[in-house]
Amino acid sequence: MARAAISVVMLCLFAATVIAEDPYVYYTWNVSYGTISPFGAPKQAILINDQFPGPEINCSSNNNIVVNVFNNLDEPLLFTWHGIQHRKNSWQDGTPGTMCPILPGTNFTYKFQVKDQIGTYFYYPSLGLHRTAGGVGGLRIFSRLLIPVPYPDPEAEPSFLIGDYYAKSHTALKQILDNGGSLGMPNGVLINGESVKHLHGDNKPQFTMKPGKTYKLRICNVGSKDSLNFRIQGHPMTLVETEGSHTVQNAYESLDVHVGQCFTVLITANQEPREYAVIASTRFTPYILEGKAIISYEGAKKHASLFLPLSPITWFWSLNQFRTFRWNLTASAARPNPQGSYHYGQINITRTIKIVNSVARDASGKLRYAINGVSHVDPETPLKLAQYYGVGDKVFQYNLISDSPADYISEVTVAPNVLNATFRDFVEIIFENPTVSVQSYNLDGYSFFLVGMEAGRWSPDKRESYNLLDAVSRHTVQVFPNSWSAILLTFDNAGMWNLRSDNAENRYLGQQMYVSVLSPEKSLRDEYNLPLTQQVCGIVKDMPVPAPVYH
């Protein structure tokens, strides 16, 4: 009897272990307007709990994140979680192709899991030009305690959210674009929402260092247009992670951080105890804009030197720096197995998709940006909802673009841009940029291997130059002027996923699209059904909720 009782207890404990959920982390956000004036002139900003930038989300791999958002603005609102993969759950991605907006005076609760992810990310409001007004904050995913990290624990982990800044409000900027204009150069650069005017003034340091200690800095370009070069006076940076992947630990005097990208670096406090300048300056612009901040040593008596480290000059320097980024094959990321155990270079490519950006005027003479000749517009009914309710054909048409676009694209078609992809296909995507501006793209729902990047046009023989061993797995890709970049990935995350330019003007005026990935087995193993709490809108608002699609 005793053995039987023990067996029953052990079985119950085992069952409890199997069904136990991962830990939850809860946040409540009150989103409102406020006034900021980082360069003196006041501007209407979007604040979260009266903060600019917004509050940081801190969690560990596999945690469930619950964010209750109260919209106190006078306009609709959505938040997207830049770099979070939302496995099987594009319902929570926070883009207008997957979710109805949170209307003024209402609230909505996001619930998502950071499944098998670690690293440095950020969130931002995804509608219109909201991101230019604020509502941006850091999102940090720590490794689980049992998973080793390939460097000693740092003394502290400060975040640096860097980005260009427009003095005009988001509504004024929107009016400029709606009237056919362009945003032009920003007015400055911010570091964590501010910029030091005088290095020898009474400046509050971003953080204070203890001599001999090592610090982990999480750096993200949350801006709207410009690539930024980030550097710290007198302190080389050792790159340890980018966008969820541990990297080979090379040292850098400065890093080019393109729009939407994040890096994690280590610095050691081994210099004279004084203040030091942190600089973020624009790249590839007619003239350089700089944002500055201060870090300090404990007991520092001296201000930072006025002799600041210079920014690199050409985009070829940035291209060469990219080539030094390598995946750490022996380190474990979110899972205990080494990153290098996934041999992406040995998988056969089943489909090649070429993405070419273009800019033109539409029939009314207004500026539009496009991918393969199609300039995306968001329909009133989110694409994913229309698809789930079986009325997708009334909202959008699949595959308006070709996998092999014409060499020269002079006209644009304005319509929802949705590409149909086959579940679990291993795909090569080529980004070609025939323009004179650097492009930066993000793909929701996935990380991919950025295997190649060169000047000129892509051709099949360029595959010989691909890095098929230790390319970094990430979710953003830059494409230099008159150049190409190549990525490899498996479409193994069912859902409706946004591929977008991270340049606010380009994105708002159509340089984005959605990739629809459906599981043919309609299994809950592959994708979740419509959540009970999901808001509905557009043509499906008054339709009966369909029976669960996935079983």
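A salt bridge is a side-chain nitrogen of Lys or Arg within 4 Å of a carboxyl oxygen of Asp or Glu. Keep that in mind for the first stops. The model on your screen is predicted.

**Stop 1**

Select Asp-407 and Arg-457. Their side chains meet in a salt bridge, 3.0 Å from N to O. Now look at where each residue sits. Asp-407 is in the loop between α4 (383-388) and β24 (413-414), and Arg-457 is in the loop between β28 (448-455) and β29 (473-474), so the pair ties together parts that are 50 residues apart in sequence. Asp-407 counts as exposed, because its relative accessible area is 63% and the cut-off for exposed is over 50%. Arg-457 is partly exposed, at 46% relative accessibility. Salt bridges with shared partners join Lys-354, Asp-407, Glu-432 and Arg-457 into one network.

**Stop 2: a pair across distant parts of the chain**

How many salt bridges are there by this rule? The count comes to 26. Pick another one: Glu-56 with Arg-140. The closest N and O atoms of this salt bridge are 3.4 Å apart. Glu-56 lies in the loop between β2 (43-48) and β3 (57-60), while Arg-140 lies in strand β8 (residues 137-142). The two residues are 84 residues apart, so this pair links distant parts of the chain. Is Arg-140 buried or exposed? Arg-140 is buried, because its relative accessible area is 11% and buried means under 20%. Glu-56 is partly exposed, at 26%.

**Stop 3**

Move to helix α2 (residues 170-178). Both Asp-178 and Lys-174 lie in it. They are four residues apart, about one turn of the helix. Their salt bridge has its closest N and O atoms 2.9 Å apart. Asp-178 is partly exposed, with a relative accessible area of 27%. Lys-174 is partly exposed too, at 35%.

**Stop 4: a sheet of five strands**

Next, select strands β25, β33, β32, β27 and β30. They form an open sheet in that order, with mixed pairing. Which strands are at the edges? They are β25 (418-422) and β30 (476-479), and each pairs on one side only. Turn the sheet in your viewer. From one strand to the next, the twist averages 20 degrees. Zoom in on β27 (residues 439-443) beside β30. These two strands pair in the antiparallel sense, over four bridges. Find Gln-439, and opposite it you will see Val-479 in β30.

**Stop 5: the cavities**

Finish with the empty space. Rolling a probe the size of a water molecule over the atoms shows where such space is left. The structure holds three cavities of 30 Å³ or more.

Begin with the largest cavity, which holds about 220 Å³ of space. Its lining has 20 residues. Select Phe-52, Arg-131, Asp-164, Leu-190 and Val-222, the ones nearest its centre. Then colour strand β9 (residues 159-165), which gives the largest share of this lining, five residues. By class, the lining has ten nonpolar, seven polar and three charged residues.

Now go to the second largest cavity, with about 50 Å³ of space. Its lining residues include Asp-256, His-258, Phe-263, Phe-325 and Arg-474. Helix α3 (residues 315-322) supplies the largest share of this lining, three residues. Here the classes are three nonpolar, five polar and two charged.

Notes. Residues are numbered from 1 along each chain as its sequence is written. This is a predicted model: local features need pLDDT of at least 70, side-chain atom pairs count only at pLDDT 80 or more; totals for chains, interfaces and linings use all residues. Side-chain values use heavy atoms; hydrogens and water are left out. On a 1 Å grid over the protein atoms alone, a cavity is a set of points where a 1.4 Å probe fits but cannot get out, and a pocket is an open set with protein on both sides within 12 Å along at least five of seven lines; lining residues have an atom within 4 Å of a point. Grid points are joined across faces, edges and corners, and a volume is the space filled by probe spheres set on the points. Ala, Val, Leu, Ile, Met, Phe, Trp, Tyr, Cys and Pro count as nonpolar, Asp, Glu, Lys and Arg as charged, and the others, Gly among them, as polar. Two strands pair if DSSP finds at least two bridges between them. Axes are lines fitted to C-alpha atoms, for helices over the stretch in contact, and angles run from 0 to 180 degrees between N-to-C directions. Buried means under 20% relative accessible area, exposed over 50%, partly exposed in between (1.4 Å probe, protein chains only).
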